Amino acid sequence: MKQQSNWSPYDNNGGTCVAIAGADYCVIAADTRMSTGYSILTRDYSKICQLAEKSVMASSGFQADVRALQKVLAARHLIYQHQHNKQMSCPAMAQLLSNTLYYKRFFPYYAFNVLGGLDNEGKGCVFTYDAVGSYERVGYSSQGSGSTLIMPFLDNQLKSPSPLLLPAQDAVTPLSEAEAIDLVKTCFASATERDIYTGDKLEIVVLNADGIRRDYMELRKD
Amino acid sequence: MFRNQYDTDVTTWSPQGRLFQVEYAMEAVKQGSAAIGLRSKTHVVLASVNKAQSELSSHQKKIFKVDHHIGVAIAGLTADGRVLSRYMRSECINYSYTYESPLPVGRLVVQLADKAQVCTQRSWKRPYGVGLLVAGLDESGAHLYYNCPSGNYFEYQAFAIGSRSQAAKTYMERRFEGFVSSTREDLLKDALFALRETLQGEKLKSSICTVAVVGVGEEFHILDNETVQGLIDAFEIVGEETPAPEEAAPAADEPAAPDQGAPADEGAAPMDI
């Protein structure tokens, strides 16, 4: 009988990440549950990492790979600061993240990332990735075990109406920062109900012209 | 020093047991423009004179940030200094990537010294023509080291290198015993005074000097021009010429790190001094 391999270098620690971009702010959120199989490893693990002054990344997937990825990006950012005497912009960091992921195209980082921040004009930006670095700038995104539940809901709330529809509809009025935060809380409360890997606590990071701020909200622990 | 038959190769000893090429490299350091460093128990200050080639050109960069907790001032062949700074930055990044903690200053200077020594023992290389004053803060406190082209390094309370550095050394020799308990402001004042000594009468202004600080709770950063000019005016260091008109600059009380460009909350390694 041919021997089948039963050891995998990867594990999925679960969890969900969301990011929403506004006119002059960006909200990045992730739950704090870390699991393996049907067990919980900890209820209090942050999936969010500030890579630069105006770039925040949230990653779900295999947290060992996520941590390794965060360290590589932090080191690269330090080199950039030494060479250019300034912080990396969010679009620059977005490209760097993509390149870093593709570098390991044939042994990928098992990390599903959302990068949020402020672009060079101070407007909110969100970049969404797959495991090997394919990325796109969007207005909102979610990744991770609860993303299948959250993404359709965000599309319903935030997606601009198609320009082909008649009668012509106005584009969705931009959300205020408080509305966006409330929307994120709603997303997670709902995802927690049906996704077993999402719950415990929600960590919300808000980036705006005043700087960066972090809030927490309790989620169901079952 | 005069030319002799033992000075062509770095790998040739003289009968007196000297390596002339290495000594010539140290001469290059003495020809560079001055750089000084002083330390207290909690802070280290580096200052250097920036001479531009001409009025039309910019100044040579002589002080480099190596990591949050380490910086270096150079004298001599600044190109060699730039390359060594890049090496030091790389070492610091790799160390903190592997060990998740800042590279202790003493380790970095040993690595730097070993790198310099290699160039004194290879026939196809030449010694680095730059002296480095390495200022840093780690768990064992504030440090100031001098690395020279020979591959030697020493720790100092205060030191000066480059042209006319003896004047600064003389100034500091009289006062260094007090440095260990100096406040940050006093250390900056002494640095600027010592720097002025090397200028030999020329007016000290922020356009011809660079000052950098690292300390407890204060990341290594280079002070910007307005802050330095404010310090010069506040300490009335101008010298023999009539003092510059008082700018509406900050008073002698140094404003906190934030408006000097680098946030102090990035955290040098926590100190228990």
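Predicted model: local features only at pLDDT ≥ 70, side-chain atom pairs only at ≥ 80, totals over all residues.
Local features need pLDDT of at least 70, side-chain atom pairs count only at pLDDT 80 or more, and totals for chains, interfaces and linings use all residues. Residues are numbered from 1 along each chain as written, chains are lettered from A in the order written, and side-chain values use heavy atoms without hydrogens and water.

Helix H2 (residues 78-99) of chain B and helix H3 (residues 105-118) of chain B have axes that come within 11 Å and cross at roughly 135 degrees. Helices are DSSP runs (H or I, at least four residues), as are strands (E, at least two), numbered from the N terminus. The axes are lines fitted to C-alpha atoms over the stretch in contact, with angles from 0 to 180 degrees between N-to-C directions. H2(B) and H3(B) are therefore oblique to each other (under 35 degrees is roughly parallel, over 145 roughly antiparallel, 65 to 115 roughly perpendicular, and the rest oblique). Residues in the contact (heavy atoms within 4.5 Å) include B:Leu84 and B:Tyr95 of H2(B) and B:Leu108 and B:Lys115 of H3(B).

Helix H5 (residues 184-199) of chain B has 16 residues, which at 1.5 Å a residue should span 22 Å; its end C-alpha atoms are 23 Å apart, which agrees. The expected span is 1.5 Å times one less than the number of residues. Among the buried residues of H5(B) are B:Leu187, B:Phe193 and B:Leu199 (buried means under 20% relative accessible area, exposed over 50%, partly exposed in between, with a 1.4 Å probe and protein chains only). The buried residues of H5(B) pack against elements including helix H4 (165-179) of chain B. Just after H5(B), B:Gln200 takes a positive phi of about 50 degrees.

B:Arg175 lies in helix H4 of chain B and is partly exposed, with a relative accessible area of 33%.
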